[in-house]
Amino acid sequence: MKFLWLDAARLVAVLWAAGPRAGAECDPSPQPPKLNLSVTYDLPTFTADSPIQNIVTLNGIIYVGAVNWIYALSPNLTKLSEYRTGPRPDVEPCAGGPAANGSVDNHNVALLVETIYDWGLFSCGSADRGVCRRHVLDDGTRPKTVDEEVDCFSDRRDRGQPSDPNRVVRPSGARVLNVESNVIHFFAGNSEIPGVTGAASARAAGEPHTMSVRKMKTSQNGFTFFSHRSYIDLIPALRGNYFLRYVYSFHSGPFTYFLTVQRAGRGSQAYHTRIVRMCSSDLQIRRYVEMPLQCICTDKRRRRRRGSPSEQDGVRVFNVLQAAHLAKVGPNANLRGVEEGDDVLFAAFARSKPNSPEPTANSAVCAFPLKYINDLFRRYMQSCNTVEPYHFTGSSNKSCYNVTSSDDCGLHEGLNEGKEGEYRLEVVQDAQRLEYWQKDLTNTLVTSISVAMVHGHIVAYLGTGDGRHMQVLFSRTASPHVNIRLDSTPVSSSIVLLDPQGPGGALLLATGNKITKVPLTGPGCGQLTSCTSCLLSSGVTGCGWCRDRCTRANECSVTSGWTQDYCAPVVNKVWPATGPLRGTTVVTICGENFGFNKTESFKSSLVTVEVAGAACKLYRQDRLNRWNELQCSPVSSGNFTPSGRTVKVTSGNKFDQKEAFSFVDPVIKEIFPEFGPKSGGTLLTIRGAFLDAGNKREVTVGKAVCKIQSIISSTLICKTPPSPEPSNQPVTLTLDGVERRAPGPFTYNQDPVINSIQPSRSFISGGCTLSAHGFFLQSGLQPQMFLSVPHEGKVLHAVSSCVYGENRTTIQCITPSLARQALQPPVVTRVAFILDGFQTPQLDLIYVEDPLFQDPKLTSKDNKSVVELKGSHMDIEAMKCQVLTVANHSCESLSVVGNTVECTVPHLLQGPARPKELQVEWRQADSVRTLGVVTLAQEQSFSSLLVGCGTASGLLLLLLGSLLLWRRRKHVDGKTGAHTDGSEVAHTQTDRQV
């Protein structure tokens, strides 16, 4: 006998059977088919002699800034000219001559073009003390090579230090932006990276300013500051230990913008992204404001409160910017609040390591409309959610400025107390944006981003930290249609778009020493493995489906087999497999390409369904898996006659079919049991055919629902509901609106009553046969015993199956062992009985200490063999439990006298065929313990006894006869020769007496 021990939390689950299993349905909307990443393409490339750091274009020529080199390339990446910038001695800016001992590499920190005076290229290197070179590319007479006319852009040509305005960039990195109007303005933001050479003594050695704006002299030989307010620097206390990296810069409308990654605040160890805004027309930094920028991701689209951790209430914050790109969007932008022609900042963020600016491989892309950013600047400044920027001023005091509603950087913008507006502020509120695309980026570090309008679609071009290039329609649900490996090194954030509006539009991507040219329409179609992914990208890639593969039109050899319009439907699975005729069954069809029309929506007008000869009416597809799932209801009313098992789906002018559904006629043959207690809980078994047809089924007993526990075609099991009184109730099964009634009723009987148990005690090792007595015990079919045991402040429960006694007047159960529970007897437990779900009131059952037995001995009492067992802890009540057996039989009778148990050997063991040796055992709940063996003595048989008695009597008679004969002969002899004295008479009398 096995017992199941449970705590209270698991009790209900075991007492009642588990609920029915849900029917099979379509798998959740599968991830779009993975691209075939093994496909490679032959793309134009250029390989430099050193790592490439910047790329720009001017008049169709590509200019590349690399370590120690400047290259000029044709559109097909053929090298046109080159200019060597290093290695060089770090002693004088723009020094000529060959490399010397102690020389250093010259990293290209900035590369930018200008077109006002001449067509020129500015290259700013790390080894030139912040000074830039000016390459004249076309002076109005003819184009020139990159090395033909190069000027060191500094007005100090002797060995002295260059003037302050001519120091533009730092070796630690910079973003330089040329804003051209009637003069050339250079806005420069220099990064401060702790540990990089020169960072700690930036201003002490006259190195470039942290943020500055300068204009080119009309003499075209250097730059000039308008005043000391044309630049700002980190306060001395932060130099060398404050992380500030300028990531991206751009110009839009009247403003110039920079994007940074830096400390989240004074004393904070966390890092975040900020957007900096200045007026492009200012020759001084008069109007400067910066604001935290966040890209957040949450399925529930909940806003995150400022100051909370990087993940709160399921919101993930992507805090460190990696790359960004400003683009104007077209009419099909599909961005909320964005109109055609608006500037939108597309930004790739990553989640950083804790308290570090170092990114992790977990990225997201957000889109920030510039009018949204500027509106936040205006609102936060007007509401005075601003302070002084501590890293530039040394103060974080609240500072307010009443910006006007125009906010157009005019000369009189924001007049304050009669003075022209001027401010340097830090907004204390975050500019948050929900991620727009994060699919497939969970384990990816995005290092570059560019965005272009291709055939009216916004396409994002992403580079990754492991050297891959992805192209994806800018949509929350889209998946990449290109994912190719360019190199093993990260893709640089410096990206150039070539002819983005023309038919040959391409992207220039840098990885290590290499530049790769990738068409904006994608390098090909071979990676797309499914028809839907192929056609979804067709608006950008020009790909179409050619039988079983994705190609361009000229690559398909099948006549009239190439299409961009439709994909053939595929039926994979249908559920349910059967349904009742004239019912309301809903048929679910799983497959591919249902109602696909090259968009992200389902087009129901393309689809018709037929099920087993019946037209199937489609339901709305709003909540279903796009293109992969259909739901419909067969129209089988009236005189409809089913035909076969075919499910046919037509989508457009293509169809697919599968033998998968049939109409059936369910029937109930019998129910078991036919009775149960009126409190309900009986597990009612219904047997028949097609009981699992359709998708919705319900069993009722009378008018109450019988909860279904399990179901197969031939058998259904449900749990009966309660009834207010004993009665006969019909059993009805309803399948998708079709009713079937059982041939006979279910009878509710009176609830069982148990008023006593015998015995009332059990040994701690269990094994006691417990008898429960009461009334209406025949009302149930499957009795169980339910034991509750207090243990260490909790209550443990044990459930065991029981059987009915003779004539179903008692219930007999075996008590479980408590030996392993480490309880000290006596232990008072509570026992109840469950009959078909009805539980009786609890009664006390006391567990006592196990007896200690000595070896058994065999004695005889009242002509019966009795086994005597002496020992201790002989509880009289517990001994009634039939725990002792002789030769595997219960004692005929059992009594306890003092410390002795007397077990009468059963009569059937004393017959002619009895065993000589009888094994005495003590039966426990979990084991059987042998106490010893007793031997019965050999008894005399009654027939032998009669034969023995007869033989002895015969011998005695024979001896008496011989004695009489001898005495008679002696007497005769005496008459003849002896004296006659009267003694003969005496002897004769004596002999006669004998």
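Are Phe122 and Phe186 buried or exposed? Both are buried, where buried means under 20% relative accessible area, exposed over 50% and partly exposed in between, with a 1.4 Å probe and protein chains only. The views below come from a predicted model, in which local features need pLDDT of at least 70 and side-chain atom pairs count only at pLDDT 80 or more, while totals for chains, interfaces and linings use all residues. Residues are numbered from 1 along each chain as its sequence is written, and side-chain values use heavy atoms, with hydrogens and water left out.

**View A. Aromatic cluster around Phe122 and Phe186.** Phe122, Phe153, Phe186 and Phe223 form one aromatic cluster. Rings of Phe, Tyr and Trp (its six-membered ring) pair if their centres lie within 6.5 Å; planes under 30 degrees apart are stacked, over 60 edge-to-face, and the rest tilted. The structure holds 23 aromatic pairs. In one of them, the rings of Trp69 and Tyr71 are stacked, because their centres are 6.0 Å apart and their planes are at 20°. Trp69 is buried at a relative accessible area of 15%, and Tyr71 is buried at 1%. Phe122 and Phe186 are edge-to-face, at 5.0 Å centre to centre and 75° between the planes. This pair links distant parts of the chain, with Phe122 in strand 8 (residues 119-125) and Phe186 in strand 12 (residues 184-190), 64 residues apart. Strands here are DSSP runs (E, at least two residues), numbered from the N terminus.

View B. A pocket is an open set of points on a 1 Å grid over the protein atoms alone, where a 1.4 Å probe fits, with protein on both sides within 12 Å along at least five of seven lines; lining residues have an atom within 4 Å of a point. Of the 40 lining residues, Val56, Leu177, Tyr248, Ser249 and Ile495 are the closest to the centre. Strand 22 gives the most to the lining, with six residues. Strands that each supply at least two lining residues include strand 3 (52-58), strand 16 (244-252) and strand 28 (446-454). By class, the lining has 28 nonpolar, 10 polar and two charged residues. Ala, Val, Leu, Ile, Met, Phe, Trp, Tyr, Cys and Pro count as nonpolar, Asp, Glu, Lys and Arg as charged, and the others, Gly among them, as polar.

**View C. Salt bridges.** A salt bridge is a side-chain nitrogen of Lys or Arg within 4 Å of a carboxyl oxygen of Asp or Glu; the count comes to 27. Glu290 and Arg274 meet at 2.4 Å, N to O. Glu290 belongs to strand 19 (residues 287-297) and Arg274 to strand 18 (residues 271-279), 16 residues apart. Both Glu290 and Arg274 are buried. Asp875 and Arg761 also form a salt bridge, with the closest N and O atoms 3.1 Å apart. Asp875 lies in the loop between strand 69 (864-872) and strand 70 (884-886) and Arg761 in strand 58 (residues 761-763), so this pair ties together parts 114 residues apart in sequence. Asp875 is buried at 18% relative accessible area, whereas Arg761 is partly exposed at 28%.

Methods
Helix = DSSP H or I, 4+ residues; strand = E, 2+ residues; numbered from the N terminus.
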